[in-house]
Amino acid sequence: MNAHDTSGTEGDGSPVTVLRAPIVLEYEYSAGQSASRFLRAIAEGRLLGQRCPVDGRVYFPSRGSCPQHAVTFGDEVVELSDKGTIVTFSIVRVPSKNIPLELPYITVNVLLDGADTILMHVLDADLDDVHMGMRVQAVWKPREEWTTSTENILFFRPIDEPDADYDSYKEHI
Ligand SMILES: [Zn+2]
């Protein structure tokens with residue numbers, strides 16, 4: 001049966017049991033005040049977080065309010081480093097439609113310096129080298145290609161710094 005056949009039965013009179021009806025919804029999403037500020041900053045190569053007024057934790061990216069305490073963040077922004085620490089990682093060996101990377105690749109949860117929330121991204125490194133506590137830094141697109149998009153950061157890459165102390169990131173595992 002197709003979408004125009006409203007008889008409710010197959011040609012032989014038996015009940016229709018499956019109806020395929022592909023639906024496409026197009027959204028135009030307004031970023032809102034908080035995300036707009038974040039995206040305008042990233043177009044300048046700056047990473048802005050926001051601080052929860054209740055416990056002082058810095059959220060990045062910020063959605064303008066604290067999901068834990070249900071309070072709105074004020075206008076204060078916290079400028080973060082594009083360096084951070086790998087909290088956890090996965091080596092991906094299964095293709096995904098949305099991620100056009102050559103397999104295998106490494107996804108990482110990075111705790112940016114100055115932030116209290118983790119950022120998921122991709123790491124360019126040897127599969128044998130990646131480990132928890134590894135220090136990494138964002139690799140950005142060429143400056144002339146920056147837009148108001150998180151895609152300005154291409155991936156993270158290890159940097160020559162000693163591993164972070166386990167205690168400094170263990171609560172984010
Ligand atoms: Zn909070």
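What volume does the largest pocket have? The largest pocket has a volume of about 880 Å³. The structure is a predicted model. Three strands form an open sheet in the order β2-β1-β3. Strand β4 pairs with β7 and with β5.

- Cys52 belongs to the loop between β1 (47–51) and β2 (58–59), and Cys66 to the loop between β2 and β3 (78–80), so the pair ties together parts that are 14 residues apart in sequence.
- Cys52 counts as buried because its relative accessibility is 1%, under the 20% cut-off.
- Cys66, at 2% relative accessibility, also counts as buried.

**Sheet β2-β1-β3**
- The pairing in this open sheet is antiparallel.
- β2 and β3 are the edge strands, each with a single partner, so one side of each has no neighbour in the sheet.
- β1 and β3 are joined by three bridges.
- Leu48 has Glu79 in β3 as its bridge partner.

**Strand β4 and its partners**
- β4 covers residues 83–92 and pairs with β7 in the antiparallel sense.
- Three bridges link β4 and β7.
- Thr85 faces Arg135 of β7 as its opposite residue.
- β4 also pairs with β5 (residues 105–112), again in the antiparallel sense, over eight bridges.
- Ile86 stands opposite Val110 in β5.
- In general, strands of a sheet pair through backbone hydrogen bonds.

**Helix α1**
- Helix α1 spans residues 32–42.
- Its buried residues are Ser34, Ser36, Phe38, Ala41 and Ile42.
- These buried residues pack against β1 and β7 (135–140).
- An α-helix has 3.6 residues a turn, so residues three or four places apart point the same way.

**Thr107 in β5**
- Thr107 is part of strand β5.
- Is Thr107 buried or exposed? Thr107 is buried, because its relative accessible area is 13%, under the 20% cut-off.

**Largest pocket**
- The lining of the largest pocket holds 31 residues.
- Nearest its centre lie Pro61, Leu119, Met120, His121 and Thr150.
- At least two lining residues come from each of α1, β5, β6 (118–123) and β8 (153–158).
- α1 gives the largest share, with five residues.
- By class, this lining has 22 nonpolar, seven polar and two charged residues.

**Second largest pocket**
- The second largest pocket holds about 180 Å³ of space.
- Its lining includes Leu101, Glu102, Pro104, Tyr105, Ile106 and Val122.
- Leu123, Asp124, Ala125, Leu127, Leu154 and Phe155 also line this pocket.
- β5, β6 and β8 are the elements that give two or more residues to this lining.
- Ten of the lining residues are nonpolar, none is polar and two are charged.

**Cavity**
- How many cavities of 30 Å³ or more are there? The count is one.
- The largest cavity has a volume of about 50 Å³.
- Ser34, Arg37, Phe38 and Leu48 are among its lining residues.
- Gly49, Gln50, Ser62 and Val77 line the largest cavity as well.
- α1 and β1 are the elements that give two or more residues to the lining of the largest cavity.
- The lining of the largest cavity has three nonpolar, four polar and one charged residues.

- Ser34 and Phe38 are buried in α1, and both line the largest cavity.
- Leu48 lines the largest cavity and is bridged to Glu79 in β3.

How values were computed: Residues numbered from 1 in each chain as written. Predicted model: local features only at pLDDT ≥ 70, side-chain atom pairs only at ≥ 80, totals over all residues. Heavy atoms only, no water. Helix = DSSP H or I, 4+ residues; strand = E, 2+ residues; numbered from the N terminus. Buried < 20%, exposed > 50% of the residue type's maximum accessible area, 1.4 Å probe, protein only. Contact = heavy atoms within 4.5 Å. Pairing = 2+ DSSP bridges. 1 Å grid on protein atoms, 1.4 Å probe; cavity = no way out; pocket = protein on both sides within 12 Å on 5 of 7 lines; lining within 4 Å. Points joined across faces, edges and corners; volume = space filled by probe spheres on them. Nonpolar A, V, L, I, M, F, W, Y, C, P; charged D, E, K, R; others polar.
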